[in-house]
Amino acid sequence: MSIFDPQFISRLVAIVVSIIVLALAFAVIRAIWKNDINLNHLLSESPQAGAPPDEVPKASLSRFQMLVFTFVVAGLYLVLSLETGTLIDIPEGTLALIGISSGTYVLGKVISGQKPTPPAAPAQPQPPAGPEKPRTTRATG
Amino acid sequence: MAGFSFAATIALVAMLSAFAFVTLLKMLDGSISMSGMLATGKDQPNDPERVLMLIGTIAGAFAYFSYGLKSIATGGTFPPVPQEAVMALGGSNFLYIFGKIFRPRK
């Protein structure tokens, strides 16, 4: 088998891609385990406007429901796909369940008046305040 | 190639299980806070609509997962969700939203 054989190349690509995906998954799990990725507020509501910064927000039931349904549907999809050897279709009822759960989360967020906060823009450095130089004007005429 | 495919599948399942396991472990040891989940605000009593939604979520998810595992023997497709179950879950979520709107938060 030469290195230009398409079958050899496809196998090589499959091995390399699999290793990369598994390494990424391992890196994420390791970061979660070592708290580099902080999951402490995974189920917490967004803090209320004007709340003190050290106040721990309460847990959100809609977030918990989304978490449970995600694990159940993803786990079931994985099991059934591995069992049948193909990617299987997701029926409309299952999509409705996920949609109801996600819709409740979004509605709850709207009602709470909380929107996803965009990342804070870096502050622009201000020039040091000093005595203003007198403008030099060129006499004309 | 079949051996590599099998090994990669096992590794992927192990990684996904590890992710679920780490999340569950952090919920059990209290790192992921679950306090106040059943109340509108902190130091308020539990709300019945939230208890109903929690029971519906856990019971529905468990029933659907076990029903799906049984469907492996009958072709390995996602089991259909009964219309009544979707309506029940939608109703409980509607009550949750209704309570969130009209229940005063202290």
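Select A:Ile88 to begin: it counts as partly exposed because 16 C-beta neighbours fall inside 10 Å. For burial, C-beta atoms are placed from the backbone, and 20 or more others within 10 Å make a residue buried, 12 or fewer exposed, anything in between partly exposed. Before moving on, note that this is a predicted model, where local features need pLDDT of at least 70 and side-chain atom pairs count only at pLDDT 80 or more, while totals for chains, interfaces and linings use all residues. Residues are numbered from 1 along each chain as its sequence is written, and chains are lettered from A and ligands numbered from 1 in the order in which they are written.

Stay on A:Ile88, which sits in the loop between α2 and α3 of chain A.

Now colour the whole contact between the chains: 43 residues from chain A and 47 residues from chain B. On the chain A side, α1 (6–33), α2 (61–84) and α3 (92–111) each give two or more residues. Pick α2(A) among these, as it gives the most, 14 residues.

Next, show the largest nonpolar core, ten residues in all: A:Phe69, A:Val72, A:Val73, A:Leu76, A:Leu80, A:Leu97, A:Ile100, B:Tyr64, B:Phe78 and B:Leu89. Such a core is a set of buried Ala, Val, Leu, Ile, Met, Phe, Trp, Tyr and Cys residues joined through C-beta atoms within 7 Å. The largest share of this core, five residues, comes from α2(A). Another core, of seven residues, lies apart from it, and A:Leu61, A:Phe64, B:Ile32 and B:Tyr96 are among its members.

Zoom in on A:Leu97. Not counting residues up to four places away in sequence, A:Leu97 touches A:Phe69, B:Val81, B:Val86 and B:Leu89.

Is A:Asn35 buried or exposed? A:Asn35 counts as exposed, because it has 11 C-beta neighbours inside 10 Å. Check its backbone too: phi is near 65 degrees, a positive value in a residue other than glycine.

Last stop, chain B: colour domain 1 (1–34) and domain 2 (35–106) separately, with bounds taken from an automatic or database domain assignment. Their C-alpha centres lie 25 Å apart.

Methods. Two residues are in contact if their C-beta atoms, placed from the backbone, lie within 7 Å. Helices (H or I, at least four residues) and strands (E, at least two) are DSSP runs, numbered from the N terminus.
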